[in-house]
Amino acid sequence: MTSNQTLGAALVGVGRMGQVHLKSMIDSGRLSIRWLVDMPAQHGLMAELIKRHRLTGETEISDIESSQKVLLDPRVDVVIICTPTPSHYDIIKKALTAGKHVMCEKPLTLTVSETKDCYELAKKLKKILFCAYNRRFDKQFNTLYQRYKRGDIGDLRMVKFTSREDGPGKEYLQNNRSGIFLDMAIHDIDYVCWLVGERPSSVCAFGSISSDNSALYRSADDFDCVTAILNFPSGVMANMEDTRAARIGYEQKVEVLGTKGLIQTRNMKASELYSITQNSCQSEALLRSSEERYVDSFPTELNHFINSIEGKEENLVSAESCIIAMEVSEALSQSLRTGSIVRL
């Protein structure tokens, strides 16, 4: 594949994240969007997206049940998957088998064994399989990683990661049913393990259902607030908090303590405006969603995926790191249910 060739792409899933990735695909100028694929009920939305983004004549519509014609289309080089998590495994395997490179929203699958199957198939067929852990591609988070790796704060001692959001709606929880560690905290798990450069030796987790929307989470057999501790072989410890229905905006903070210093990321706001009067000081509100907070990381990770296909960069999210994140997520979910420390 030469660098001046445009890759043909199929986007499977045009919901919230699908539309985020569609914009990145168009803006990149490196992909020709050949197909939009989703359930029949979404055909009207797909037609609207084609019109809105001026893709008429370039992009066709298909439903998931008829997606084999999409995968057999020789004009399609890559498949980008943004469907509910339970459907990922089947779509990934079909796309790889059809000879396509695959980018998939997190989590890659529902289980460690399914994730291993997918990577083994990708290796066998010599195709790129990329899991979209976009925290790695965020400017703040990536700069923190680079500064730690060049030795700015010495040896690592402690990592603290805080994630708070308004939380998903009923339909999302019903469609995914993967649990808070696999669905929400998996981003944090991946980033922490990538930063530390190790697989945890043991983990423990605690959770509660304490929000004003507790009935929703009980009905989904899930938690709306969890905390976790990850112990690593080198002695590094990590503490994670993931809270839904926080009602404060979208909060994402990382604090890394080393033997020679500390690095922190800052929450991002609508603006840096800061007002001071005789009686008060006031800053702007936090951004409201992951789409706003990580707006720059989505095109960055997409370009990295394309560069990996073209041989310009090595796939930053390796099979090993993705499997580790899945193993830690499963262990934390086990600890959450049993109240015990789980050794990996």
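The model is predicted: local features need pLDDT of at least 70 and side-chain atom pairs count only at pLDDT 80 or more, while totals for chains, interfaces and linings use all residues. Numbering runs from 1 along each chain as its sequence is written, and side-chain values use heavy atoms, with hydrogens and water left out.

**Overall build**
- You will find 13 helices and 15 strands here, taken as DSSP runs (H or I of at least four residues for helices, E of at least two for strands) and numbered from the N terminus.
- The radius of gyration, taken over C-alpha atoms, is 21 Å, close to the 20 Å from the globule rule for 344 residues, so the protein is as compact as a globular protein of that length. That rule is 2.2 Å times the number of residues to the power 0.38.
- Along the principal axes, the C-alpha atoms fill a box of roughly 55 × 50 × 45 Å.

**Burial**
- Of the 344 residues, 51% count as buried, meaning under 20% relative accessible area (1.4 Å probe, protein chains only).

**A look at Arg-244**
- Arg-244 sits in the loop between β10 (237–243) and β11 (251–258).
- Arg-244 counts as buried because its relative accessibility is 1%.
- Its side chain makes a polar contact of 2.6 Å with the side chain of Asp-183, and another of 3.1 Å with the side chain of Asp-222.
- A polar contact here is a pair of N or O atoms within 3.5 Å; within protein, one must be able to donate a hydrogen and the other to accept it, and residues adjacent in sequence count only if both atoms are side-chain atoms.

How values were computed
Buried < 20%, exposed > 50% of the residue type's maximum accessible area, 1.4 Å probe, protein only.
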